[in-house]
Amino acid sequence: MATAGLTLEAIAPLMIERVRAGQSVVRLHSGDPSLYSAIHEQIQILAAAEIAFEVIPGISAFQAAAAKLNAELTIPGLVQSIILTRISGRTQVPETEELEALAAHQTSLCLYLSARHVEAAQARLMVHYPADTPVAICYRLGWPDEQIHLVSLDQMATVTRDVDLIRTTLYVVSPALGAAKARSRLYNPDHTHLFRPRPSQTQT
Ligand SMILES: C[S@@+](CC[C@H](N)C(=O)[O-])C[C@H]1O[C@@H](n2cnc3c(N)ncnc32)[C@H](O)[C@@H]1O
């Protein structure tokens, strides 16, 4: 059943009644349910009704984007953290998480739910990120009408408006997308670890 047009007050009884009637209910959300999925309120209602449930993880849009871009968002010596966030819209972001404050870390930053406010987002990001920081504008990843535009940060808003994106758009802002050659320690011959000890340690 499509639930986009329903309120929580309508959805919850549908789930509860069917489970109590002995049926299995799947509540399908896009991406991973741990972010921007409004499952918190559903979990509380189901728990209060003593309905057992299980949350199944999914692939979030930022992970789909990285795969489509053939990119790792954590590159040694360049960037080792990823921030998943959004700009304030009808849902307000707490003051301590304002985009400008998060941008100060210059991490890989994945911006959800923000295409409508892309001018404000770009301006806040540019307070700290250089203007030539690569940005992947990702629209409807995985769908037949998918679009991916790789641009510099100072073009983020212009390109978004030119191609007329409002919904289902994720921005991946990351120095990693323009990274030069880099190497991790994991497969480096100079780096030993449990599964690849020093040659002398492996001799019998
Ligand atoms: C309500 S949130 C849901 C996020 C979802 N739980 C996830 O983990 O991807 C919707 C936002 O996620 C992003 N998004 C979800 N699916 C997407 C897709 N297929 N392509 C690009 N962005 C997507 C967009 O930023 C969109 O505005």
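Colleague: By class, what makes up the shell around the ligand?

Modeller: Happy to start there: this is a predicted model, in which local features need pLDDT of at least 70, side-chain atom pairs count only at pLDDT 80 or more, and totals for chains, interfaces and linings use all residues. Residues are numbered from 1 along each chain as its sequence is written. Ala, Val, Leu, Ile, Met, Phe, Trp, Tyr, Cys and Pro count as nonpolar, Asp, Glu, Lys and Arg as charged, and the others, Gly among them, as polar. On that basis the shell has two charged, eight polar and nine nonpolar residues.

Colleague: Which residues come nearest to the ligand?

Modeller: A residue is near if its C-beta atom, placed from the backbone, lies within 6 Å of the molecule. Of the 19 residues around the ligand, the nearest are G31, S60, A61, L141 and L170.

Colleague: Where does the ligand lie relative to domain 1 and domain 2?

Modeller: The bounds, 8-48 and 61-178, come from an automatic or database domain assignment. The C-alpha centres of the two domains are 30 Å apart. Both domains give residues to the shell, so the ligand lies between them.

Colleague: Good! Which residues of helix 3 are buried?

Modeller: Helices are DSSP runs (H or I, at least four residues), numbered from the N terminus, and helix 3 covers residues 61-68. Buried means that 20 or more other C-beta atoms, placed from the backbone, lie within 10 Å of a residue's own. The buried ones in helix 3 are A61, F62, A65 and A66.

Technical notes:
A residue is buried if 20 or more other C-beta atoms lie within 10 Å of its own, exposed if 12 or fewer, and partly exposed in between; C-beta atoms are placed from the backbone. Helices (H or I, at least four residues) and strands (E, at least two) are DSSP runs, numbered from the N terminus.
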